[in-house]
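Subject: Handover of a structure and summary of findings

Dear colleague,

Please find the sequence and structure below.

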Amino acid sequence: MSQWSQVQQLEIKFLEQVDQFYDDNFPMEIRHLLAQWIESQDWEAAANNEAMAMILLQNLVIQVDEQLDRVSQEKNLLLIHNLKRVRKLLQGKYHGNPMHIAVIISNCLREERRILAAASMPVQGPLEKSLQSSVVSERQRNVEHKVSAIKNSAQMTDQDVKYLEDLQEEFDFRYKTIQSLEQNDKNSALIKQEMLALQAMLNTLDYKRKEVLSKIGRVIHEIDMLMSNMLTEELLDWKRRQQIACIGGPLHGGLDQLQNCFTLLAESLFQVRRQLEKLDELLTRLTYDGDPIPVQRPQLLEKVNFLLYNLFRNSFVVERQPCMPTHPQRPMVLKTLIQFTVKLRLLIKLPELNYQIRVKATIDNVLHSNRRFVLCGTHVKAMNMDESANGSLSVEFRHLQPKEMKTSAGSKGNEGPHMVTEELHSISFETQVCLYGLTINLETSSLPVVMISNVSQLPNAWASIIWYNLSTNDPQNLSFFNNPPAATLSQLLEVLSWQFSSYVGRGLNSEQLNMLAEKLMGQQVSYNDYQLSWAKFCKEHLPGKSFTFWVWLEAILDLIKKHILPLWIDGYIMGFVSKEKERILLKDKTPGTFLLRFSESNLGGITFTWVDQLENGDVTFHSVEPYNKGRLSALPFADILRDYKVIMADNVPENPLKYLYPDIPKDKAFGKHYSCQPNEVSKPSDGGGKGYVPSVFIPVSKILNDSTEPHSPSDLLPMSPSVYAVLREHLSPTAIETAVSCKLSHS
């Protein structure tokens with residue numbers, strides 16, 4: 001079943017979540033019509049590879065054209081109109097930046113997987129629940145409402161300043177007219193009456209000046225309060241959501257809304273600044289005793305400049321954290337001499353700043369570390385509004401490489417395997433904004449990154465990134481691992497489920513998470529409030545094993561991704577179940593019922609256990625030696641399940657696997673994943689060539705009379721003619737031909 005088909009079967013509350021992230025940037029019609037094709041492409045890799053993204057964009061347009069031809073024949077006018085609109089969008093909006101559509105589609109697919117994983121959970125996880133709090137949504141609406149009200153107030157004050165300017169011009173004209181009269185004329189009753197009128201006008205001017213200054217003060221106060229409270233909280237929440245999204249959590253939207261708020265506030269502050277400049281101009285033309293402008297204007301201008309400085313400083317953010325294109329799902333882990341990308345945005349979007357801000361990138365090195373890094377590549381670029389499809393003022397560094405500076409051999413020798421992956425650095429960015437007489441220096445930094453020199457360090461480095469971003473919302477605690485805090489087990493399990501939903505397309509259910517909790521705790525516990533240490537997660541070996549919990553889990557993720565992904569996505573691999581639990585599940589089932597689980601003793605191994613019944617009625621269980629990536633590279637796992645044979649004593653070899661737990665016929669579950677279907681028996685001359693005797697891979701185990709476990713399986717080994725002849729006596733021609741044709745089709 002395709003991912004999109006699974007999405008369509010969700011409950012309405014989950015479908016509403018899906019509806020939220022499909023918009024004009026990537027219409028849902030295209031997702032629906034091209035579901036299979038879209039899911040078969042590697043959008044994550046294309047999101048960091050411009051050439052690949054361009055090819056995918058071109059192919060996407062071709063797919064849309066094919067759909068357009070089809071619906072044109074069906075005369076579906078509405079769909080024809082929508083597809084033409086989509087084609088125009090793809091060819092126009094994304095032609096200059098194909099990676100943007102790749103990012104959008106990749107994010108949509110990932111968010112679908114996360115929602116599917118959430119739907120399989122009995123309750124929403126604690127982290128996700130906190131990020132989707134109704135209080136947060138209410139605050140977002142309040143911020144937008146207040147920003148709009150502030151903008152309106154600033155515009156209304158503009159009208160008051162214009163009225164004040166007109167009133168002063170009239171006063172100035174009438175006053176100069178009287179001043180130009182002869183002395184005798186000034187003593188007339190009419191002139192005295194005019195002087196009284198001018199005094200009244202001056203009183204009105206004084207009142208209006210005070211009123212305008214008061215209104216400007218209120219606007220400034222409202223902006224100050226909004227920035228100090230709700231807007232700051234919104235920005236911090238967005239940064240926290242970004243942290244969680246980086247380790248597989250829900251996508252972090254809301255940056256465009258923040259940009260709108262920041263931009264409107266900046267426009268309002270510059271508008272107020274112009275109003276104060278106009279008051280200064282009016283002051284040079286007219287002043288008097290008790291004039292409020294020279295008293296209040298300097299303080300108000302100082303406050304406006306202070307708010308602008310803070311607004312600009314807070315608006316400089318890392319929109320997309322550092323990430324190697326080769327490992328798009330492992331952000332913030334950077335390998336020396338390998339390119340990474342990072343994107344920054346200024347949330348104050350003003351046309352005057354386009355191509356005027358040059359950003360410089362550097363590496364912050366840890367003070368008490370022997371390792372020092374520098375950035376190679378283009379590390380200075382200008383922010384612009386042209387590269388982003390949404391027109392944001394941003395800059396993306398695509399060709400940066402960290403390079404480690406040479407140190408003494410002695411210092412390198414002191415670094416243990418965990419010292420490297422627990423050492424945090426950050427990428428810093430600095431720039432300067434010069435606008436309307438203001439010069440503002442801006443600085444920001446990425447979330448902490450881990451520098452590795454060998455890809456074998458990647459799993460432990462990623463564990464460090466997970467632990468940091470799960471445990472703290474401090475964006476710059478580079479000494480975090482000097483004394484890493486414990487993590488709440490319930491939150492950690494939620495994040496582990498995200499690793500599966502984001503990396504291999506299907507998250508973990510409550511039963512699977514319970515097994516992981518027992519694995520970490522060593523017993524059945526209520527894990528809601530339990531605190532787990534960093535050492536227990538990533539540094540201490542599991543009891544009786546030579547590896548840690550995280551290394552064991554990471555090996556399983558790698559196994560799924562490379563060898564059994566379709567079976568995992570379909571939900572047919574129970575995976576995380578103990579030997580004790582699997583026997584409880586199987587003991588009352590029909591003989592031949594089996595389940596698939598990951599090995600607890602072998603790294604990156606998967607095995608299957610089936611239930612059988614002895615002649616005396618006793619139940620027995622058999623578990624095959626785990627298959628690892630080496631053996632699965634030789635033969636697909638689905639084919640192994642189909643062709644697996646057991647030889648017990650002198651009995652005829654047979655496949656003991658009949659029903660996938662609880663009662664799904666094996667071929668119904670895995671049939672679509674078989675690499676080939678049984679064929680008719682071929683002629684003897686069909687096999688072999690060039691003088692060689694053909695060999696075939698057939699998974700076979702032999703169970704001795706006094707054993708309940710398959711003994712030294714010899715599956716996936718080339719078979720000699722003599723052994724093959726023996727099998728011909730016991731296996732049907734169709735079964736053998738199936739294996740032979742599979743082998744030949746792969747050679």
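In strand β10, Val 450 is the bridge partner of Val 333. Helices and strands here are DSSP runs numbered from the N terminus, a helix (H or I) having at least four residues and a strand (E) at least two. This is a predicted model, in which local features need pLDDT of at least 70 and side-chain atom pairs count only at pLDDT 80 or more, while totals for chains, interfaces and linings use all residues. Residues are numbered from 1 along each chain as its sequence is written, and side-chain values use heavy atoms, with hydrogens and water left out.

Strand β10 and its partners

Val 333 belongs to strand β2 (residues 333-335), which pairs with β10 in the parallel sense over three bridges. Two strands are said to pair if DSSP finds at least two bridges between them. Val 450 is also the bridge partner of Leu 424. Strand β8 (residues 424-435) pairs with β10 in the antiparallel sense, over two bridges. In general, strands of a sheet pair through backbone hydrogen bonds, either parallel or antiparallel.

Which way do the side chains of β10 (residues 449-452) point? Val 449 and Met 451 point one way, Val 450 and Ile 452 point the other way, and all are buried. Buried means under 20% relative accessible area, exposed means over 50%, and partly exposed lies in between (1.4 Å probe, protein chains only). This arrangement illustrates a general rule: in a regular strand the side chains alternate between the two faces of the sheet.

A sheet of four strands

An open sheet of four strands has the order β1-β3-β7-β5, with antiparallel pairing. Its edge strands are β1 (316-323) and β5 (373-376), each of which pairs on one side only. From one strand to the next, the twist averages 35 degrees; axes are lines fitted to C-alpha atoms, for helices over the stretch in contact, and angles run from 0 to 180 degrees between N-to-C directions. β1 pairs with strand β3 (residues 340-346) in the antiparallel sense over five bridges, and Phe 316 stands opposite Leu 346 in β3.

Salt bridges

How many salt bridges does a search of the whole structure find? The search finds 37, a salt bridge being a side-chain nitrogen of Lys or Arg within 4 Å of a carboxyl oxygen of Asp or Glu. One of them joins Arg 398 and Glu 50, with the closest N and O atoms 3.2 Å apart. This pair links distant parts of the chain, as Arg 398 is in strand β7 (residues 393-404) and Glu 50 is in helix α6 (residues 50-74), 348 residues apart. Glu 50 is partly exposed, at 40% relative accessibility.

A salt bridge is also formed by the side chains of Lys 539 and Glu 422 (3.4 Å, N to O). Lys 539 lies in the loop between α20 (534-538) and α21 (549-569) and Glu 422 in the loop between α16 (417-421) and β8, so the pair ties together parts that are 117 residues apart in sequence. Lys 539 is partly exposed, with a relative accessible area of 36%, whereas Glu 422 is buried, at 14%.

Arg 642 and Asp 639 meet in a salt bridge as well (3.9 Å, N to O). Both lie in helix α24 (residues 637-643), three residues apart, which is about one turn of the helix. Arg 642 is buried at 10% relative accessibility, and Asp 639 is buried at 0%.

Cys 246 is in no disulfide, and the nearest cysteine sulfur, that of Cys 323, is 8.6 Å away. Cys 246 is buried, with a relative accessible area of 12%.

Confidence

The protein chain averages a pLDDT of 83, and 84% of the residues score at least 70; pLDDT is the predictor's confidence in each residue, from 0 to 100. Confidence is lowest in helix α15 (residues 409-413), at a mean of 45, and highest in helix α14 (residues 293-315), at 96. Over residues 678-688 pLDDT stays under 50, and the model has 13 contacts beyond four places in sequence for this stretch, contact meaning heavy atoms within 4.5 Å.

With kind regards

Notes. Disulfide = S-S within 2.5 Å.
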